[in-house]
Amino acid sequence: MRNYAKSIALYERTRRTLAGGVSSNVRYASAPVPLFFERGEGARLYDIDGNVHIDYVLGNGPAILGHAPKPVIDAVAASLAQGQVYAAQHPRETELAERLCRLLPGIEVVRFATSGTEAVLMAFRLARAFTGRTKILKFEGHYHGWTDQAYISARPSLNEAGPADSPVPVAGSPGMPPSVLEDTVVAGWNDLDLLKQAFERHEGEIAAVIMEPVMVNGGPTEPAPGYLDGVRALCRDNGALFICDEVITGFRVGLRGAQGRYGVTADLTIYAKAVAAGFPLAVVGGWRDVMDTLLDKGVMHGGTYNGNVQSMAAALAALDVLEANDGAVYRDLEARGTRLMQGLAAIAEKHKMPVKVQGLPAIFQVYFTEGAPPRNYRESVACDRDKALAFHTALQEEGIRTNQNAKFFLSVAHDEAIIDETLAAADRAMAAIA
Ligand SMILES: Cc1ncc(COP(=O)(O)O)c(C=O)c1O
């Protein structure tokens, strides 16, 4: 058994002064306790007990270039002595805005924010101001941050969630005012008929439809062929904006995110996480007429750390790497991720474990199920989570770090040797739980 004595002791100490011993509730989900790390380098993390982990959590997505990527670290280090926040503009903001608008589909104008959560709120406000409507339609199992307005039906218990064809909005946390549920319509994802019906039930009321274009938080699942185009058209027909939350998929599933991959263009898009390769940055971008409500209608958006010097420097340096040869790193990432996905499926078959490895090469999950691959949140949570947890635990024992659902984020730093090492460890882990 790996030894976590120092993490356990430090967690006990930390809990006395840091609520729950963590800075984000997501981090509770770690055994035997939330682990403490002292260093990350490339694909590896080093914990305070001296255990080495090949990391497939990657900070839940940002570390697309691995931990402490040299080009980004060098650029940020060079910027440090210039200051951090000016409460004013600086040239790196202009450069980054121009590069993003040049690169990304449907992005004519951007605004910078610090976290995905607040960027989502800004998109909601823009959509409401632009359309003069109030309701936001979101999909069951999709996560858009932890706020009152967004943390609704992100991972609802099916006892509370109502029928699949017209789910009941479920508040995700105590302390959320019930009134937020009135402004939220929840639909099942990946089914155009369900969305059509929701538009009919709320005719003329929906300001925007927001989604993770590839469901990741509810379990990695690609949109069905034609689904995103259909959503695009339904939004247009019903006078609602289409908001793509590419906080995870942006700069991960391809240089131009899910929209580039599937050839669809939203009205507003939110990027965060991988865009600055580990530094805090979120971007809201979209068509000029929508974004211009900031000026025309005086829509308020603020934030002390927005556009801070280091995040701008990090994003520019990350883009240099990600954009080189029109996204050559993504072709490698795709090939390695595909090999890992196929290797994991073959290992499961060898050990006679019923498994579907699903998602995209840069973000996928090992689902334990005898059934068909899940297409939405309800099918995803119907898979055997205890088996997934057992696999995650066995992987951790072998030095492979995934989240507790056996979800894998890949980075550019996961080279062929790391994939080989991972597959050998996964073979032993699968044998242990079979
Ligand atoms: C799809 C999606 N949207 C929004 C958020 C919120 O972003 P942040 O954690 O930066 O506030 C997340 C975070 O995991 C996310 O996965």
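Helix packing and the ligand shell

Modeller: Helix α2 (residues 70–80) packs on helix α11 (residues 309–323) at an angle of about 150°, their axes being 8 Å apart. The model is predicted, so local features need pLDDT of at least 70 and side-chain atom pairs pLDDT 80 or more, while totals for chains, interfaces and linings use all residues. Residues are numbered from 1 along each chain as its sequence is written, and side-chain values use heavy atoms, leaving out hydrogens and water.

Helices (H or I, at least four residues) and strands (E, at least two) are DSSP runs numbered from the N terminus. An axis is a line fitted to C-alpha atoms, for helices over the stretch in contact, and angles run from 0 to 180 degrees between N-to-C directions.

α2 and α11 are therefore roughly antiparallel (over 145 degrees; under 35 is roughly parallel, 65 to 115 roughly perpendicular, the rest oblique). α2 passes α11 in a right-handed crossing (the near helix is turned clockwise from the far one by less than a right angle; anticlockwise is left-handed).

Helix α6 (residues 192–201) meets helix α7 (residues 227–237) at about 15°, with 10 Å between their axes. That angle makes α6 roughly parallel to α7. Where α6 passes α7, the crossing is right-handed.

Helix α12 (residues 328–350) and helix α15 (residues 416–433) have axes that come within 10 Å and cross at roughly 20°. Therefore α12 and α15 are roughly parallel to each other, and their crossing is right-handed.

A backbone N or O atom of glycine 116 is 2.8 Å from a ligand oxygen atom, and one of tyrosine 143 is 3.3 Å from a ligand nitrogen atom. Asparagine 217 places a polar side-chain atom 2.9 Å from an oxygen atom of the ligand. Alone, the ligand exposes 380 Å², and the protein buries 83% of that (Shrake-Rupley method, 1.4 Å probe).

Lysine 273 has a positive phi of about 45° although it is not a glycine. Another loop, between α1 (5–15) and β1 (37–41), holds proline 32. The peptide bond from alanine 31 to proline 32 is cis, with omega near 0°. Most residues other than glycine have a negative phi, and most peptide bonds are trans.

Definitions and conventions. A polar contact is a pair of N or O atoms within 3.5 Å; within protein, one must be able to donate a hydrogen and the other to accept it, and residues adjacent in sequence count only if both atoms are side-chain atoms.
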